[in-house]
Amino acid sequence: MEVIVLPDAGRIGEVAADAIGVLLDRKPDAVLGLATGSSPLAIYDELAARHRAGEMSFALARGFTLDEYVGLPADHPERYRNVIDAVVVAKVDFAPGAVRSPDGLADDIPAACAAYEDAIAEAGGVDLQILGIGTDGHIAFNEPGSSLASRTRIKTLTRQTRLDNARFFGDDVDAVPTHCLTQGLATIMAARHVVLVANGRSKAEAVHQLVEGPVSAMWPATILQHHPHVTVLLDDAAARRLQLVDYYRETYRSKPAWQGI
Ligand code: F6R
């Protein structure tokens, strides 16, 4: 696991966009895993800027989002499908239908989850997965106690996650759905490269557990310690509880430029 502490969200966006650019140059039909939430917004802004500048095309790329609320109406602005369309899909040149999401309005939820797993497999798996992390250590919506071997399924959101996300629902926690569909931890672990982004003090404990804690379903993100290629991009506030932060900084400073992330 590579831990990179950067001065601000803008720089985090640039480093992640560099990696996505290298991937798309090598593999124009790459499969990207797209997280929603506030953490990846700087990455999406940077991708949109590079696309506008003619430096990056997603015309052949495919995408899969991580998760979706259950039961939000199709036109609800906080439905993750609508959020991802607004923050990135509409700002670059993905082909119509190239970005898929779990169907939170499906009548048959187990079938919709199985179909989503099949679609990811048929696309050849995810090449680069962008992730945020919840204050309780969730990735996607794999809440504490999630099976480390889980696949796409329905989950109940914790009270903490609903409180954290109330800011998107007019600060009304009761307006935040109670259930979601989410890629499982094993689904995420199958991605070839995972780029996890965290900003701000509220993420510091989850980041400490992710990087330096024991692997445990109580902090679901810790499963990433078993992944061969994870890059963790942090601002200073999110890195403030890391015991080895000086070592991570020194390692990144002295990293050979050819290595990339
Ligand atoms: C979003 C997702 C979640 C968020 C996490 C952090 O698709 O899967 O795991 O990444 O809740 O959210 P933000 O970035 O809003 O703090």
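# A guided tour of rings, ligand and loops

Start by selecting Phe64 and Tyr116: both of them are buried. Here, buried means under 20% relative accessible area, exposed means over 50%, and partly exposed is in between, with a 1.4 Å probe and protein chains only.

Before you click on, note that this is a predicted model, where local features need pLDDT of at least 70 and side-chain atom pairs count only at pLDDT 80 or more, while totals for chains, interfaces and linings use all residues. Residues are numbered from 1 along each chain as its sequence is written, and side-chain values use heavy atoms, with hydrogens and water left out.

**Stop 1: the aromatic rings**

A pair of aromatic rings is described by the distance of the centres and the angle of the planes. Rings of Phe, Tyr and Trp (its six-membered ring) pair if their centres lie within 6.5 Å; planes under 30 degrees apart are stacked, over 60 edge-to-face, and the rest tilted. How many aromatic pairs does this rule give? The count comes to 7.

Select Phe58 and Phe94 to see one of them: a tilted pair, 5.3 Å centre to centre with 45° between the planes. Phe58 sits in the loop between α2 (41–52) and β3 (62–65), and Phe94 in the loop between α3 (80–87) and β5 (99–100), so this pair ties together parts that are 36 residues apart in sequence. Those helices (H or I, at least four residues) and strands (E, at least two) are DSSP runs, numbered from the N terminus. Are Phe58 and Phe94 buried or exposed? Phe58 is buried, and so is Phe94.

Now return to Phe64 and Tyr116, whose rings form an edge-to-face pair at 5.7 Å centre to centre, with 75° between the planes. This pair links distant parts of the chain: Phe64 belongs to strand β3 and Tyr116 to helix α4 (residues 109–122), 52 residues apart.

Next, select Tyr69, Tyr80, Phe141 and Phe169 together; these four form one aromatic cluster.

**Stop 2: the ligand**

Show the ligand, then everything around it.

Zoom in on some atoms:

- A polar side-chain atom of Thr36 lies 2.7 Å from a ligand oxygen atom.
- His138 also has a polar side-chain atom 2.7 Å from an oxygen atom of the ligand.
- For Arg167, a side-chain N or O atom is 2.9 Å from an oxygen atom of the ligand.

Taken alone, the ligand exposes 400 Å², and the protein buries 95% of that. Areas like these come from the Shrake-Rupley method with a 1.4 Å probe; for residues, only the protein chains shown count as cover.

**Stop 3: what the record lists**

UniProt lists Asp67, Asp136, His138 and Glu143 under "active site" in an unreviewed entry. Its positions are given in the numbering used here, feature names are shortened, and annotations may be inferred rather than shown by experiment. Select Asp136: it is in the loop between β6 (128–131) and β7 (153–156), and it is buried, with a relative accessible area of 11%.

**Stop 4: loop residues**

Find Asn142 in the loop between β6 and β7; its relative accessible area is 0%, so Asn142 is buried. Its side chain makes a polar contact with the side chain of Arg153 at 2.8 Å, and also reaches the backbone oxygen of Gln183 at 2.9 Å. A polar contact is a pair of N or O atoms within 3.5 Å; within protein, one must be able to donate a hydrogen and the other to accept it, and residues adjacent in sequence count only if both atoms are side-chain atoms.

Most residues other than glycine have a negative phi. Ala140 has a positive phi of about 45°, although it is not a glycine. Ala140 lies in the loop between β6 and β7 and counts as buried at 7% relative accessibility.

Finish with Asp171, where phi is near 60°, again a positive value in a residue other than glycine. Asp171 is in the loop between α5 (159–165) and β8 (179–182), and it is exposed, with a relative accessible area of 64%.
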